[in-house]
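Q: Could you walk me through this model, feature by feature? I would like to learn how to read each one.

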Amino acid sequence: MRTISEKWDPQHPACVFKTYLYNKVDEHAVPHFGPGPTEDPKEWEDALQRKPAPNYIPVVCAGFPSIVARLMLQRRVITEFNNKLHEINACLDAILSRHDLEHSVRALKARRRHAELSKRCLALASSVQVLRNRGYALSSDEDELKQKLSGIDRGLQDPALSARMEELWSRLIVLRGYADSLREEINKPGFAGGEGLGGEIEVKAKKILEDYEKQLQHLKKQVEEAKKDYDTWESVHHPALAPSGQ
């Protein structure tokens with residue numbers, strides 16, 4: 001009975017109900033870890049040789065209490081991942097809402113202004129053609145106004161701004177896909193039943209979140225650059241429209 005008790009006692013070196021799991025640490029910190037006082041150094045070294053990556057260290061898991069502690073740790077990590085995912089989704093929703101409230105409205109207003117200016121330019125071109133047919137030459141002011149109107153029309157038809165917005169929208173769709181993929185992994189029945197996530201899925205989830213946050217920062221930068229370009233364009237071209245509207 002004593003032998004059986006020792007083999008099932010998690011604190012006894014002769015315990016057979018144990019295995020080695022792995023924790024991820026900084027690669028330069030791996031040499032600072034070693035076997036515990038109740039662990040067999042040979043078994044620990046064997047587990048170290050079987051580590052899945054250079055920055056992993058073996059951790060002994062003996063008995064039911066160790067398994068429960070490991071599952072609780074996984075659950076806390078997944079909860080943190082889920083909270084981070086909700087924060088990213090909230091940030092994406094804020095960006096989309098700001099885009100709808102600001103950029104879409106301004107783009108619609110610019111399209112209406114462009115349509116109105118196109119009609120006025122057409123009327124002006126008709127008047128110019130009539131004057132040319134009568135033999136009248138354009139004055140320097142009229143010729144300068146014609147060049148300004150031509151430049152404004154080319155700027156409004158520039159596809160660069162539209163292409164930039166399409167690129168930003170595509171990035172938002174990709175990020176939303178990453179969020180849905182991670183949410184499906186978290187809501188799988190295995191995790192809901194208390195089994196926790198495997199090491200491979202945990203690494204994949206962390207990698208998705210890191211890529212997700214990097215693309216989100218890049219997306220914010222692209223939106224700020226697009227807004228800056230649009231404001232610069234408007235400050236350069238909009239004042240020239242005021243005199244012609246009077």
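Q: In what order do the elements of the chain run from the N terminus on?
A: This is a predicted model. Its elements run α-β-α-β-α-α-α-α-α from the N terminus. That gives seven helices and two strands.

Q: How much of the chain is buried?
A: Of the 246 residues in the chain, 22% are buried. The cut-off for buried is under 20% relative accessible area. The chain exposes about 16,900 Å². Carbon and sulfur atoms supply 57% of that area.

Q: What share of the contacts joins residues at least 24 apart?
A: Take the contacts between residues at least 6 apart in sequence. Of these, 80% join residues at least 24 apart.

Q: Where should I look for a nonpolar core?
A: Start with the general idea. Nonpolar side chains tend to be buried together in soluble globular proteins. Now the case here. The largest nonpolar core has 14 residues. L92, L216 and L219 have the most contacts inside it. Helices α3, α5 (159-186) and α7 (199-244) each supply at least two residues of this core. Helix α3 gives the most, with six residues.

Q: Which residues does L219 touch, not counting residues up to four places away in sequence?
A: L219 touches L92, I95, L168, R171, L172 and L175. L92 is also among the core residues with the most contacts.

Q: Is I78 buried or exposed?
A: I78 counts as buried, because its relative accessibility is 4%.

Q: What is the C-alpha separation of K84 and L209?
A: The C-alpha atoms of K84 and L209 are separated by 8.0 Å. The two residues are 125 apart along the chain. K84 is also found in helix α3. Leaving out residues up to four places away in sequence, K84 touches L209 and E213. At 30% relative accessibility, K84 counts as partly exposed.

Q: How do I find the buried face of a helix?
A: Use the helical repeat. An α-helix has 3.6 residues a turn, so residues three or four places apart point the same way. Then list the buried residues. In helix α2 (residues 41-49) they are W44, A47 and L48. Seen down the axis of α2, these residues fall within an arc of 105°, so they line one face of the helix.

Q: What do the buried residues of α2 pack against?
A: They pack against β1 (18-24) and β2 (56-62).

Q: What does L48 contact beyond its neighbours within four places in sequence?
A: L48 is in contact with Y56 and P58. L48 and P58 are 10 residues apart along the chain, and their C-alpha atoms are separated by 5.9 Å. L48 counts as buried because its relative accessibility is 17%.

Q: Which exposed residues are carried by the face of α2 turned away from its buried side?
A: That face carries K42 and Q49. K42 counts as exposed, because its relative accessibility is 58%.

Q: How many salt bridges does the structure hold?
A: The structure holds one salt bridge. The side chains of K42 and D46 meet in it, at 3.5 Å, N to O. Both residues lie in helix α2. They are four residues apart, about one turn of the helix. D46 is partly exposed, with a relative accessible area of 32%.

Q: Is F64 buried or exposed?
A: F64 counts as exposed, because its relative accessibility is 55% and the cut-off is over 50%. F64 is found in helix α3.

Note on methods. Residues are numbered from 1 along each chain as its sequence is written. This is a predicted model: local features need pLDDT of at least 70, side-chain atom pairs count only at pLDDT 80 or more; totals for chains, interfaces and linings use all residues. Side-chain values use heavy atoms; hydrogens and water are left out. Buried means under 20% relative accessible area, exposed over 50%, partly exposed in between (1.4 Å probe, protein chains only). Contact means heavy atoms within 4.5 Å. Accessible areas come from the Shrake-Rupley method with a 1.4 Å probe; for residues, only the protein chains shown count as cover. A nonpolar core is a set of buried Ala, Val, Leu, Ile, Met, Phe, Trp, Tyr and Cys residues joined through side-chain atoms within 4.5 Å. The arc is that of the directions from the helix axis to the C-beta atoms. A salt bridge is a side-chain nitrogen of Lys or Arg within 4 Å of a carboxyl oxygen of Asp or Glu.
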